[in-house]
Amino acid sequence: MSLIKRTHFPFKEMILVGFLPSFLKKWIYRMRGAKIGKGVSLGLGSVLIGDKIEIGEYTEVGFLVIVRAREIKLGRRVSIGATSVIDTEKIEIDDEAVVTEQVFIGGNPTPDSYFKLGKRSIVMYMSYLNPSKRLIIGDDTGIGGHCIIFTHGSWQSELDGYPVKYEDIIIGNNVWLPWRVFIMPGITIGDNTTIGANSLVTKDLPEGVLAAGNPAKILRTSEQYPPKMSKDDKIKVMDHVVNEYIRELEYHHLTVEVDKQTDYWLLTIQSGREKHILIYCINDCDAINNFSFHPNVALMTLTPIKANLKAKISNAKAMLLDLTTRERTGSSKAGEEIINTLRKRGITLIRSEYEK
């Protein structure tokens, strides 16, 4: 017997609510006081258990997912993959963040237990994250598969002199942990830092470094890493991206016509009876000022564009992917498809505030 009632696997909630269709499940949660935005999808077998629940628009919770906390806040366009479990005292997952399949976040809760995942960040397959204390992950950060992050470490008796540690972990913005990285309690990792695979992080790491090893040591400082990119370097990267994009489309039996000019490439993509356009502007976007934009057109630019062209694209409800500012506006099938290709190269774009 215990004074504090310990929660176990939520069989009752899964049987009574989890296997209902999404629309009915959302109705029940709203009746319980949850705030759920439009376009939200709650997968078969998934349950949300909390005193206060808030879910932003177009968020997707997959098959057999358990999200349990006193306070749950999921932003816009969040995705939680099948059979993942997030179980702690307070959960905050920001806009466009992703928790993939078979991730476990929880264990040994305390009143300080708190998990935050920043905008556009991702936790990948079969990672184990323990937020006994605060575990805060910044924006645009990638946690690779099979990573282990613990805010507590204890087993042997502290009275016998063995080490016991309960401390927050703070991981900054644009940090990359490849597969099988272990982060010990009390660690702070600065923005823009990269850690090598199979590393054990036992000490704080500053901003903008490359570190690896067991224990992890700094291999490159912020002055050395990453190397500076010239305009020609960026053009080479984007040539590869666009060619991979074309190859992917053709592999899936789409017809792509490519018109390569000095300042831009014009891709015409035939999908059944639909025609889609991607314009890739390399040097000078003035060359496409007279182009007739429409909702099936996406413009991706590696050079700054003028306000009048930006307004023209917006008025036509076309899509703009600005690689100079890392911003995106609008949506089109051709544009969304190349965003997937860009992601494979670690290039992410931020949605404009007005369309979030």
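What follows is a walk through this predicted model, from its sheet to its cores and its aromatic rings. Local features are reported at pLDDT of at least 70 and side-chain atom pairs at pLDDT 80 or more, while totals for chains, interfaces and linings use all residues. Residues are numbered from 1 along each chain as its sequence is written, and side-chain values use heavy atoms, with hydrogens and water left out.

Let us start with the sheet. Eight strands form an open sheet with parallel pairing, in the order E1-E4-E7-E10-E13-E16-E21-E24. Strands here are DSSP runs of at least two residues (E), numbered from the N terminus, and two of them pair if DSSP finds at least two bridges between them. Strand E1 (35–36) and strand E24 (188–189) stand at the edges; each has a single partner strand, so one side of each is left without a neighbour in the sheet.

Now step inside the sheet. Strand E7 (residues 71–74) and strand E10 (residues 90–93) run parallel and are joined by four bridges, with Ile 72 opposite Ile 91 in E10. Further along, four bridges also join strand E13 (residues 114–117) to strand E16 (residues 134–137), and here Leu 117 stands opposite Ile 137 in E16. E16 in turn runs parallel to strand E21 (residues 169–171), with three bridges between them; Leu 135 faces Ile 169 in E21.

Some of these residues lead us to the packing. A nonpolar core is a set of buried Ala, Val, Leu, Ile, Met, Phe, Trp, Tyr and Cys residues joined through side-chain atoms within 4.5 Å. The largest one has 50 residues, and Ile 80, Ile 93, Phe 115, Ile 149, Leu 177 and Ile 183 touch the most other members. Val 103 is found in the loop between strand E11 (98–99) and strand E12 (104–106). At 2% relative accessibility, Val 103 counts as buried; buried means under 20% relative accessible area, exposed over 50%, and partly exposed in between (1.4 Å probe, protein chains only). The C-alpha atoms of Val 103 and Met 124 are 7.0 Å apart, although 21 residues separate them along the chain. Thr 194, in strand E25 (residues 194–195), is also buried, at 14% relative accessibility. The side chain of Thr 194 makes a polar contact with that of Tyr 225 at 2.9 Å. Such a contact is a pair of N or O atoms within 3.5 Å; within protein, one must be able to donate a hydrogen and the other to accept it, and residues adjacent in sequence count only if both atoms are side-chain atoms.

Finally, the rings. The structure holds six aromatic pairs, where rings of Phe, Tyr and Trp (its six-membered ring) pair if their centres lie within 6.5 Å, with planes under 30 degrees apart counted as stacked, over 60 as edge-to-face and the rest as tilted. Phe 150 and Phe 182 have ring centres 6.2 Å apart and planes at 15 degrees, so they are stacked. This pair links distant parts of the chain, 32 residues apart: Phe 150 in strand E18 (residues 148–150) and Phe 182 in strand E23 (residues 182–183). Phe 150 is partly exposed at 21%, and Phe 182 is partly exposed at 28%. Together with Phe 104 and Tyr 128, Phe 150 and Phe 182 form one aromatic cluster.

Charges meet rings here too: the charged end of Lys 260 sits over the ring of Trp 265, 4.3 Å from its centre, and Lys 90 lies over the face of Tyr 114, at 5.4 Å from the ring centre. The criterion is that NZ of Lys or CZ of Arg is within 6 Å of the ring centre and within 35 degrees of the ring normal.
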